[in-house]
Amino acid sequence: MNTIKVDNVVYSMDIADVHPGGNLFIELFQGQDATNAFQSYHRRKFPHEKMKSYQLETIPETIENDSDYMELCEEIQKVLPTHKSFAPLHYYTKCFFLLFITFALEYCIHSNGSYNWYNMILLGWFFSLVGLNIQHDANHGAISKHFWVNRIMGMSQNWIGGSAIDWMHQHVVQHHIHCNNVEKDPDITGNYFLRLNPLKPLLPHHLFQWFYFTSLLSLFGISYSVQSFINNVLMKNNIPYSNAVQKYIPLERTLTGLSLSRWIILPFLFSEYSLFYTYFNVILMFSVGGFYLSFFFILSHNYQDVLQYSNDTKSFGFLKKQVLTSSNVGGEWLAFLNGGLNYQIEHHLFPRINHSHYPFIAPYVEAFCKKKDIQYVHFPTIMENYLSCMYHLLIMGTNYKPPNYIEKRDKDKDKE
């Protein structure tokens, strides 16, 4: 389907050619409803009148505008205008040193054949910091107003062991718009050992998932890298890629393939250690990087009384869904280290604001949520967040459906 939908209006994909942020973001949403994506990235309603020449049809349906969210956007716009919400100078300084150290460390490892455990652990951690601080902001378009800056820096995802296009398809198109939607959010799909989704079968070993889930996170790095390559081959991650992004896939397959193969070929050629010891440490690198990344992501959307909902739920607008399915932890220093992703509430509400600004806007968002009587969850410490996550996983491992799972309540009310 060569169209894109915003509100109740269907547009031709030719609209991508006039998008100031580049064609890619529009192409990712081909055949999808991009209403919430546009509003959260631009903090305003879509200019239908201005884009009238690209309209194909108007669908006769009720538009559920989230007035509270637009009110919040107006408040944030006053304290942080759009043109000031991109990366400040000190962010580029941080990126320079982070990339320089990571490149230099990997070069030294390869050139000296020093694939020992402590070098590989350190490199794995630096890879995760590149993912948190650089590729994440870049692939959300949150570094610069210039598309090419975001695109180039976003391809650091391919270097650290993933795929920028696959990540955007999974993260931007699905997870961000449908956070904790049990039918549409791939981040709570879980697996045989980990039950994050109430639609998944409840198996006996899930009773202990609260205890062993941290061990499973160490497998995330290598599995994610391999799966990214497979997804690019299959052109699918949970749902199929849009046809419009097919032109990017040959490059994605090449870069992701080279990224993985360099950790097979170069250690084989240059390592001064036995191959068993060498490849064990390569796996250790992926494990450490993957663990650090996945640890903070699982905490932010899996905690006590977090909201999970189905497609049938219409009681909550975009603002409530994003706030009630996310949590914050720590403060400004953790934000500096982890790319602001400890401020998940602000990030999900405003994904195109650079993470450097999250500590600044967080008090305004919290005060607004309090005014609207919306629960705003901020854990003072990582340990408190971790214990809350453990409790949530215990509930998911013992109850078929957790207390805050909402399903088809609106339809039931209509019948009454």
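**Aromatic rings and a central strand**

Tutor: F126 is buried, its relative accessible area being 12% (buried means under 20%, exposed over 50%, partly exposed in between; 1.4 Å probe, protein chains only). The model is predicted, so local features need pLDDT of at least 70 and side-chain atom pairs pLDDT 80 or more, while totals for chains, interfaces and linings use all residues. Residues are numbered from 1 along each chain as its sequence is written, and side-chain values use heavy atoms, without hydrogens and water.

Across the whole structure, a search finds 25 aromatic pairs (Phe, Tyr or six-membered Trp rings with centres within 6.5 Å; planes under 30 degrees apart are stacked, over 60 edge-to-face, the rest tilted). One of these involves F103 and W159: their ring centres lie 4.2 Å apart and their planes meet at 15 degrees, so the pair is stacked. F103 is partly exposed at 48% relative accessibility, whereas W159, at 15%, is buried.

F126 itself pairs with W125: the ring centres are 5.4 Å apart and the planes are at 65 degrees, so this pair is edge-to-face. W125 is partly exposed because its relative accessibility is 29%. Both residues belong to one aromatic cluster, which also contains F213, F291, Y292, F295, F296 and Y386.

A ring may also face a charge. The charged end of K94 sits over the ring of F336, 4.5 Å from the ring centre (NZ of Lys or CZ of Arg within 6 Å of the centre and within 35 degrees of the ring normal).

Turning to the strands, Y11 lies in β2 (residues 9–12), which is covered on both faces: V9 and Y11 are buried on one side, V10 and S12 on the other. Strand β1 (residues 3–6) runs antiparallel to β2 and is joined to it by four bridges (pairing requires at least two DSSP bridges). Here K5 has V10 as its bridge partner. Two residues separate the strands of this hairpin, where D7 takes a positive phi near 55 degrees. Three bridges connect β2 to the antiparallel strand β3 (residues 55–58), in which T58 stands opposite V9.
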